[in-house]
Amino acid sequence: MDFLGIGGRDSVELIASFMMAFAQFRQGRLDNAATLLDWTAELPGMRYVVWRINVLGLRALVVCRTAGQDQH
């Protein structure tokens, strides 16, 4: 399925990977989330701006949370 020109296999693969990373983030597994997000950022679906914003935004949150943990 290709909705708004951002669908297809590339988008589905990226969304699935992003959701796995998001689940790790919510569970406090920041290292796992960071690893998954770094892998996700290399997927072909990142060429779509809408997915790039989501992946990079969550990656920024992971970095901030990790930095916050290091200060305590």
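1. Arginine 9 and glutamate 13 both sit in helix H1 (residues 8–26), four residues apart, or about one turn of the helix. Helices here are DSSP runs of H or I, at least four residues long, numbered from the N terminus. The two side chains form a salt bridge, at 3.6 Å from N to O. The term means a side-chain nitrogen of Lys or Arg within 4 Å of a carboxyl oxygen of Asp or Glu. Arginine 9 is exposed, at 64% relative accessible area. Glutamate 13 is partly exposed, at 25%. The cut-offs are under 20% for buried, over 50% for exposed, and partly exposed in between (1.4 Å probe, protein chains only).

2. A note on the basis. This is a predicted model: local features need pLDDT of at least 70, side-chain atom pairs count only at pLDDT 80 or more, and totals for chains, interfaces and linings use all residues. Residues are numbered from 1 along each chain as its sequence is written, and side-chain values use heavy atoms, leaving out hydrogens and water.

3. Arginine 47 and aspartate 10 make a salt bridge, with their closest N and O atoms 2.9 Å apart. This pair links distant parts of the chain, 37 residues apart: arginine 47 is in the loop between helix H2 (30–40) and helix H3 (49–71), and aspartate 10 is in helix H1. Aspartate 10 is buried, at 19% relative accessibility. Arginine 47 is partly exposed, at 46%.

4. Aspartate 38 meets arginine 59 in a salt bridge, 2.9 Å from N to O. Aspartate 38 belongs to helix H2 and arginine 59 to helix H3, so the pair ties together parts 21 residues apart in sequence. Aspartate 38 is partly exposed, at 39% relative accessible area. Arginine 59 is also partly exposed, at 24%.

5. The total by this rule is three salt bridges.

Key: Helix = DSSP H or I, 4+ residues; strand = E, 2+ residues; numbered from the N terminus.
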